[in-house]
Amino acid sequence: MLVPIRSVAVALLFAAATLAQAPGQAAPAFEFLGGLNDAPKSFAELEGKVVILDFARTW
Amino acid sequence: MLIGVSDEEESLIQDVFLSKLGSKHPWVRIQPSVDTLYGITGFPTVLVLDASGKVVQQGMPSEATLERLLQDVSLVPKMPDEPRFAPLRSAWEKTDYLKVRDLLAKLAADPKLDEATKALVTGQQEELQKRTDRVLARIAELGASTDFAMADEKLERIVATWRGLPPADAAKKALAGIAANPAAKKELAAAKSLAKLRAQFDPSRIAQRRKLVEELAKFAKKHEGTKAAAEALAESERLGR
């Protein structure tokens, strides 16, 4: 997929300041330490699916 | 799928997100370093990943975005790119579930089967069972629906896709139930003749459109009380404007 250069630049700029992973980049794999509510066991299980990751904290 | 991600204790996630906030979706515990890996600096932060594993956007996706992303999701289970799996892959691609079941059974019957293939076969059999359960639940819903024309069409499609398997029989039974219901019979007949009526006229031509408006109004009166009549009336008013 082609991503306009300007949007990448903007995304990178924001990434440095506040933003999360810049759109268009492959989401890096990470270890699943455990899960609740029938959670997948590993990052590999997400492959091929549309996933919404909600980074959240209780505080 | 929506997944909550937190580096906190399981008991805390349970108490706050599941118990207090009533969260029904899965939660995954992570190491704090994952936040850095993803450049997360504030909470909550939502990231959307497409089927190829790319981050496509930050923030909750719209229905339209989700729909577009879901089109790229393959319904074919993962399997090695080997010639012996080609028929199986093709059967999944065509949603020929009868063939899928038979090919899996054939593979499973091989006494010399290696562990990896055995696991693959079991996994796919479970996937087929999952889809069977899902479609059976859907058939029950359709059988109870009062939108008879819609239910009839969907059930017919299920019969075709699942031919030779339990869902096809269940769908046939549901179809028979609809056929035996007088209200449904009336509704289906109306839907059929409405489709026929529509096919006779080309609304992009003024004279035909005028005639169609008239015919639709007549139809609505004749089939009063049916969903097709309400549809015809609305269409007649829209085209007549």
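**Exercises on a two-chain model**

Gly34(A) stands opposite Arg29(B) in E2(B). The model is predicted: local features need pLDDT of at least 70, side-chain atom pairs count only at pLDDT 80 or more, and totals for chains, interfaces and linings use all residues. Residues are numbered from 1 along each chain as its sequence is written, chains are lettered from A and ligands numbered from 1 in the order in which they are written, and side-chain values use heavy atoms, with hydrogens and water left out.

**Exercise 1.** Find the sense in which strand E1 of chain A and E2(B) pair.

*Solution.* Step 1: strands (E, at least two residues) and helices (H or I, at least four) are DSSP runs, numbered from the N terminus. Step 2: two strands pair if DSSP finds at least two bridges between them. Step 3: E1(A), residues 34-36, and E2(B) have three bridges, and the sense is antiparallel.

**Exercise 2.** Describe the extent of the interface between chain B and chain A.

*Solution.* Step 1: count residues in contact (heavy atoms within 4.5 Å); 53 residues of chain B touch 40 residues of chain A. Step 2: take the buried area, the accessible area (1.4 Å probe) that two parts lose on being put together, summed over both. Here the value is about 4,300 Å², with 62% from carbon and sulfur atoms.

**Exercise 3.** Count the salt bridges between chain B and chain A, then list the elements of chain B that give two or more residues to the side touching chain A.

*Solution.* Step 1: a salt bridge has a side-chain nitrogen of Lys or Arg within 4 Å of a carboxyl oxygen of Asp or Glu. Step 2: the count is two; one of them joins Arg57(A) and Asp35(B) at 2.4 Å, N to O. Step 3: the elements of chain B are E1 (2-6), H1 (10-20), E2 (27-29), H2 (33-38), E3 (45-49), E4 (55-58) and H3 (63-70). H1(B) gives the largest share, seven residues.
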